[in-house]
2 protein chains.
Amino acid sequence: MAGDGRSKEHMVMFMPDGKAVAVTGGTTILEAARLAGIELDAVCGGEGKCGRCRVRPEGPVKGGESPLLNDEERKAGVVLACLAVVEGDLSVDILPRSRIGRHQILTKSVEDVPRPLSPWVRKEFYQLPPATIWDNVGDLERLCRALGRSQLPMPLEALRELSDELRSGSWKVTVTLSTVDSSDEITRVEPGETTSQLLGIAVDIGTTTVVVDLVDLLKGEVLGTASDYNRQITRGEDVIARMMHGEEGGAQELTNLVRETINGLIGRLLAGESKRRGREVLPTDIVAVSVAGNTVMTHFFAGLPTRHMRLEPYVPVAHRPGFFKAAELGLKTNSSARVLLFPSRAGYVGGDVVADVLASGMFRSDKLSMLIDVGTNGEIVLGKKDWLVSCACSAGPAFEGGEVSSGMRAMDGAIDRIRINDDLSTSYHVIGDLPASGICGSGLIDLVAEMYCKGVIDRKARIQNLHSNRVRATDAGFEYVVEKREKLGAGATGDLVITDADVQNLLRTKAAIYGACSTLLKKMGENLENVSSIVIAGGFGYHLDVGRAIWIGMFPDVPLEKYRFIGNGSLGGSRMALLSEKRRNEMLDIFNSMTYLELSVDNDFYAEFSSSLFIPHTDIGRFPSAPPERVCKEGPN
Amino acid sequence: MAGDGRSKEHMVMFMPDGKAVAVTGGTTILEAARLAGIELDAVCGGEGKCGRCRVRPEGPVKGGESPLLNDEERKAGVVLACLAVVEGDLSVDILPRSRIGRHQILTKSVEDVPRPLSPWVRKEFYQLPPATIWDNVGDLERLCRALGRSQLPMPLEALRELSDELRSGSWKVTVTLSTVDSSDEITRVEPGETTSQLLGIAVDIGTTTVVVDLVDLLKGEVLGTASDYNRQITRGEDVIARMMHGEEGGAQELTNLVRETINGLIGRLLAGESKRRGREVLPTDIVAVSVAGNTVMTHFFAGLPTRHMRLEPYVPVAHRPGFFKAAELGLKTNSSARVLLFPSRAGYVGGDVVADVLASGMFRSDKLSMLIDVGTNGEIVLGKKDWLVSCACSAGPAFEGGEVSSGMRAMDGAIDRIRINDDLSTSYHVIGDLPASGICGSGLIDLVAEMYCKGVIDRKARIQNLHSNRVRATDAGFEYVVEKREKLGAGATGDLVITDADVQNLLRTKAAIYGACSTLLKKMGENLENVSSIVIAGGFGYHLDVGRAIWIGMFPDVPLEKYRFIGNGSLGGSRMALLSEKRRNEMLDIFNSMTYLELSVDNDFYAEFSSSLFIPHTDIGRFPSAPPERVCKEGPN
């Protein structure tokens, strides 16, 4: 018996981690890695489509071949982990780019909260007359009497603790009250006087990353920030892949994964705060939660189905699901803490964009502003005090490392700034000052701009057949060598290149963004000159060289001083709503007043998109500051 | 190995059921019976105190002896199941009185609901414009738009189903709306037009029995009534025993048991209604729930701790816990159905009494009324339109079969009416027209009255040493033979007797009730002549001969036509609140206006109680219609 069972188990050792896991035959290397606690990049959700989970196994493996691998990789024995099936004891080298590592996640955000602060929770201290046989009214009613209220609702979870809390504090208690939809409820009763501590969290749920702020609701200070990858990421990189995974029976798993991500971050923040204070700060001390995320993430977080959002006509279950209790959403905070979910305007203009607009303040200005949030998708908002209009374009994950062979996230080892020298060699900066492993979004924009300036690509973004060892022909067309293998990190299996197909993907992405911007302006009868500021929100803007983004025709050509960066506006807006009633009312005003333009059925958008499939644009006159074409024709020296 | 394990297991066969169960050595027979699905009576919670779980085992048993068993029983090999430990394979005869059987549970109740009906739920039919790419607003917002509302909250559970319900009905839907605390919420969305069906349930949670009505909320008709023992009963007969069990770690179990009882009844009602209609009626069709119960039962049902209610100063967690969702309370109805919990006035004047008062209508009258509910405890309410005052007395379970050796519930085999003939033999009626197994509450009142009239007991309720084979001396004092063994049911182990101790228990119970009634009158400065009606609520009143209850000095001596019986007022009140907003407001008025008098620290009560420890009373003038003492002295012929 024992022999039979063991014959089906194989040991898989992952290098350089040195982590081993026992699996049954038939398990893929990707699954084995998950079991070993190693997060491999699987943009496509493990379907062999993205080609990112490259590993080099030694030992008996079946399958794993893919046209996404090049000859060099094939020779080196590289396979896709999601397609490679374990057939015996293995040692597996993980190639650096395949790994989801620590990367630079934005935690910076603007602060702009009116004083005095007005979170929806407050604390009040009371000394109650003890219960006696002559005054043996119920504990809840005794408390309400002290508060001068005939009745106050209290969630069952909190009510269960009430009697013990009253007595353990000898009838001296601090009451946490929440005001939800204009009515009060008792969130918590603590023994003793604790009015000097009132904690909440602000959450930004991104498709890729989740960031949580622990906030002192009395002082309006951020006590700590923690961020991590959204644990859903191994189930698909973008919202489409996630929704498909959800429809294939993985919905509950995705809900659990995003909640686990948030709970993990809460745990880290509480541990840090406990250490700082020298006494334990508990989950139950967190009595208010504000959450901003895109519509798909908000749905997964709330456990709502996403099926009808994925397919035309892209309908969410609810734009404004409600003001739920933490326990209903599986959050490890005080179970009665109220959770504000930012309302979404549309399936692809989510609560994160409402939070961006809130953080930007653009809705308060008499002058016209445009907000651009480029993440896995691109969302654009145009407007001012009187009106706001929004749209979304499926920018695709090109700028986040997907759909580009050498692309990677903005993390250690990523080229984030690059220049092409006259001899077509490159000078670049790598995050963490390491040997390069790939190129992140800002690096790719730099690269396309440089390739255009140096004549490596033409106005249609086709790589030119130049006489240089930096440009070479392959079966699939030309490719440009960004860096030679010998200068790359230890795990490199070949040169770092950008292919014709990569550049075309980047071209479509930039065309979608610019096309969306110009469509909004056109629809509203506005000119670019009237736009007083362009707000760049999201992690993407952090490393970005806006000048180069203008050169390639991705962002509108306005003076650089009109560009403004608000960083993680989703988190900033979430934090504002946590702290201020005025900001919460503004959040609702933005939600109610912002209209949504569906680009997928808009002919103007298709015209604008097509015109943008050039560098910088069919109509060069729109980009006066872009380098003239003749410069590009000079070619290499 | 196999041999070792088996040697610890013993088969226990229960007769006459023929049910067998395998248990390990050391298990008590009571535990074995529970495992076999047989409910034995265990008033004390299985602690050897009540002496009701009598069984006759054959085979190796250790322990089980008790001073509560008489000589005859000992000779016959009878033991207490809770004290008898299984030591080998056994056959166990269950004595009939030890079994919790089907008994007569009240389902009748008054109807007095103003029309048109106004439950807090209503249905509305809508045909929504289908979602298109030009109108792809969220499903919840589409629905709200059709309803002409900017926003309506919807519980997460219902929201999760919304998108599928809208589409499966081709955008023709019936919406169930609940109005809770003056604001609307969406409880359910069903495909198609179903406005002709709107179902709710009214629940009465008694310490002993639970009754559920399935109610048509459109017609105000009771579609079915189901009742059962409260499954908590095997964990102790009265609320004190239950609370102790809860404090010893059994709280969650007690919560589960009462919820299971209700859910079992809901299942039976739905099965019956499905059969009647010829199509399935589902739990999710039940969209409103009204629950009345005493304070302890309400706490267990809601999962609230009862510790501070058991001990002085007897403080409940909350008198008015809230208007929860069915899912929070573990009910197998529509998970978003709102559950109205009747508010309790005090630890021992619960929502059942508020419901009684509501059902009685006494709060609307200009004339003074008194309400008496005698169950495991006794509750008395005195008042009229302008004021209501309530109190509770621990009547003890004497009238429900506890604390009296021959007592049993009002079920098949119970003597419910009895007369003593001149030769001290008896004539009686047995429920179900079976041989007698014991005597229920109404029979005991008859019996005490008859014993007094025939001189078997004196004014102090001491059994007299009469020269009759019906009265005999035992070590513990005298006992009166109600019926000889040969005329009893097959399982009888001896004569059916009532002992001196039994009569003293009954005397204390009747004294507590009358003492409470007269204390309330005294406190309010009222005379009995001003009481225009006395309302008897609860199952106890159903079989009762009020005349005899007056004779023994239990109920006030007013003309019989002033007595009024409302049956199960707790269920009736619960049903009224389910159907009528006016009644719900009245429920709150009763709750708010009714004061509570704590008798346990009231000297007047102790004086009144002591004066009542005679038959009928120390002050015979209070009971002019009671038979004169000289009649009683005549003795047997």
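A salt bridge is counted here where a side-chain nitrogen of Lys or Arg lies within 4 Å of a carboxyl oxygen of Asp or Glu. The model shown in these views is a predicted one.

**View 1. The interface between chain A and chain B, with its salt bridges.** Putting chain A and chain B together buries about 3,600 Å² between them, and 57% of this is on carbon and sulfur atoms. The contact draws 43 residues from chain A and 43 residues from chain B. Across this interface the rule finds 2 salt bridges, and K325(A) forms a salt bridge with E328(B) in which the closest N and O atoms are 3.2 Å apart. Over all chains, the structure holds 85 salt bridges.

**View 2. Helix 11 and helix 15 of chain A.** Helix 11 (residues 500–523) of chain A and helix 15 (residues 603–611) of chain A have axes that come within 8 Å and cross at roughly 135 degrees, and the two helices are therefore oblique to each other. The crossing in which helix 11 of chain A passes helix 15 of chain A is right-handed. On the side of helix 11 of chain A the contact is made by R508(A), A511(A), A512(A), G515(A), A516(A), S518(A), T519(A), K522(A) and K523(A), while helix 15 of chain A contributes D604(A), F605(A), E608(A) and F609(A). Sorted by class, this contact has 5 nonpolar, 3 polar and 5 charged residues.

**View 3. The salt bridge between K523(A) and D604(A).** The side chains of K523(A) and D604(A) meet in a salt bridge, with an N to O distance of 3.1 Å. Because K523(A) lies in helix 11 of chain A and D604(A) in helix 15 of chain A, the pair ties together parts that are 81 residues apart in sequence.

**View 4. Helix 9 and helix 13 of chain A.** Helix 9 (residues 351–360) of chain A packs with helix 13 (residues 569–579) of chain A at an angle of about 75 degrees, their axes being 7 Å apart, and the two are therefore roughly perpendicular to each other. The contact is made by D352(A), A355(A), D356(A), L358(A) and A359(A) of helix 9 of chain A, together with G569(A), S570(A), G572(A), G573(A), S574(A) and M576(A) of helix 13 of chain A. By class, the contact of these helices has 4 nonpolar, 5 polar and 2 charged residues.

**View 5. Helix 4 and helix 5 of chain A.** The axes of helix 4 (residues 139–146) of chain A and helix 5 (residues 156–168) of chain A come within 9 Å and cross at roughly 70 degrees, which makes helix 4 of chain A roughly perpendicular to helix 5 of chain A. Their crossing is left-handed. In helix 4 of chain A, D139(A), L140(A) and L143(A) meet L159(A), L162(A), S163(A), L166(A) and R167(A) of helix 5 of chain A, a contact that has 5 nonpolar, 1 polar and 2 charged residues by class.

**View 6. The loop between helix 8 and strand 15 of chain A.** P313(A) is found in the loop between helix 8 (307–310) and strand 15 (323–325) of chain A, and the peptide bond leading from E312(A) to P313(A) is cis, with omega near 5 degrees. Y314(A) also lies in the loop between helix 8 and strand 15 of chain A; although Y314(A) is not a glycine, its phi is positive, at about 60 degrees.

Terms used: Residues numbered from 1 in each chain as written. Chains lettered and ligands numbered in written order. Predicted model: local features only at pLDDT ≥ 70, side-chain atom pairs only at ≥ 80, totals over all residues. Heavy atoms only, no water. Axes fitted to C-alpha atoms, helices over the stretch in contact; angles between N-to-C directions. Helix = DSSP H or I, 4+ residues; strand = E, 2+ residues; numbered from the N terminus. Parallel < 35°, antiparallel > 145°, perpendicular 65-115°, else oblique. Left-handed = near helix turned anticlockwise from the far one by under 90°. Contact = heavy atoms within 4.5 Å. Nonpolar A, V, L, I, M, F, W, Y, C, P; charged D, E, K, R; others polar. Buried area = accessible area lost by both parts, 1.4 Å probe.
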